[in-house]
Amino acid sequence: MIRFNVFFTRAGRAAAGLLLFLCILTSPLVASAARDLLPQQKQEITQSGEVKLQPLDQENWKQPQSFFKWIAMACGWKVPDDSLGREGWYLNPRIEPKVPGVSVFPPDTAMFYIVYEIPPLDAPMQMNADWFVTNEQDQPVGKPVGNDAQYLDMNEAYGYFELRKPDQGWSPGSYLVKIYVSSPGQQRHALSVAGTMRFKINTSQEAARTGERCRSAGPQADYAG
């Protein structure tokens, strides 16, 4: 009986010691110190740096990708006739791209579009797009040559960006578009880039065909289709 009490006392002391050690180890001060011992992870929060951007599929655009249910570079957009039996009454205000999938334009192009659909919002959202000239390594250089923004209210699901010809005209070459998704008023940074798209400005036959297709599609933005 005495030996049992001695064993129990030693075991109890060991258990109490282990419990005390765990309490000290998990205390806020020690836990904080333990976290400080881990290597710090750098998080990119600016528009420069090694952040891998997600290219969006511009040919197979009828599919969900990134934040979008679909997104397409196009000559224009239209609102389809989608009424509920009465003219002007619409099931859901929506838009569709005109001539989607184009990405090579002639230098005299005044404007083209990026048209998209997103999941319905439960809070307001701001969409931004910046486009840059790219170098031989397909990397953006300098400041954006153009930008556009759109504010989407709750339950809105469709939108578009207008890519307008710069005041000095389009410079032949390749361009990269960065598309940002953020809350209204939030500063844009590299981690808010939802995806990228590319386009070219030149005098190739493909660009000439794009110009003809855009002209044949009628007004760039209309409600008649």
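These legends walk through close-up views of a predicted model of one protein chain.

**View 1. The whole chain, for orientation.** The protein chain contains 3 helices and 11 strands. Starting at the N terminus, the order of elements is α-α-β-β-β-β-β-β-β-β-β-β-α-β. Of its 225 residues, 33% count as buried. The accessible surface of the chain comes to about 14600 Å², and carbon and sulfur atoms account for 54% of that. If you follow contacts between residues at least 6 apart in sequence, 70% of them join residues at least 24 apart.

**View 2. The disulfide between C75 and C214.** The structure holds 1 disulfide. Its partners are C75 and C214, with sulfur atoms 1.9 Å apart. The torsion about their S-S bond is about -70°, so this disulfide is left-handed. C75 sits in the loop between strand 1 (70-74) and strand 2 (76-78), while C214 belongs to helix 3 (residues 205-216), so the pair ties together parts that are 139 residues apart in sequence. Is C75 buried or exposed? With a relative accessible area of 4%, C75 is buried, because the cut-off for that label is under 20%.

View 3. Look for V102 in the loop between strand 3 (96-98) and strand 4 (104-105). V102 has a relative accessible area of 4% and is buried. Which residues does V102 touch, not counting those up to four places away in sequence? They are M73, A74, C75, T210 and R213. For a sense of scale, the C-alpha atoms of V102 and F112 are separated by 9.6 Å, and these two residues are 10 apart along the chain.

**View 4. The largest nonpolar core.** This core has 29 residues, and the members that touch the most others are F68, I114, V177, I179 and F199. Two or more residues each come from strand 1, strand 5 (111-117), strand 6 (125-134), strand 8 (158-164), strand 9 (173-182) and strand 10 (193-201). A separate, second core is made of 12 residues, among them A72, A74, M111 and Y158.

**View 5. A closer look at F68.** F68 is one of the members of the largest nonpolar core that touch the most other members. Leaving aside neighbours within four places in sequence, what is F68 in contact with? The list is L56, Q63, Y116, E117, I118, M127, I179 and A194.

Terms used
Residues are numbered from 1 along each chain as its sequence is written. This is a predicted model: local features need pLDDT of at least 70, side-chain atom pairs count only at pLDDT 80 or more; totals for chains, interfaces and linings use all residues. Side-chain values use heavy atoms; hydrogens and water are left out. Helices (H or I, at least four residues) and strands (E, at least two) are DSSP runs, numbered from the N terminus. Buried means under 20% relative accessible area, exposed over 50%, partly exposed in between (1.4 Å probe, protein chains only). Contact means heavy atoms within 4.5 Å. Accessible areas come from the Shrake-Rupley method with a 1.4 Å probe; for residues, only the protein chains shown count as cover. A disulfide is a pair of cysteine sulfur atoms within 2.5 Å. A nonpolar core is a set of buried Ala, Val, Leu, Ile, Met, Phe, Trp, Tyr and Cys residues joined through side-chain atoms within 4.5 Å.
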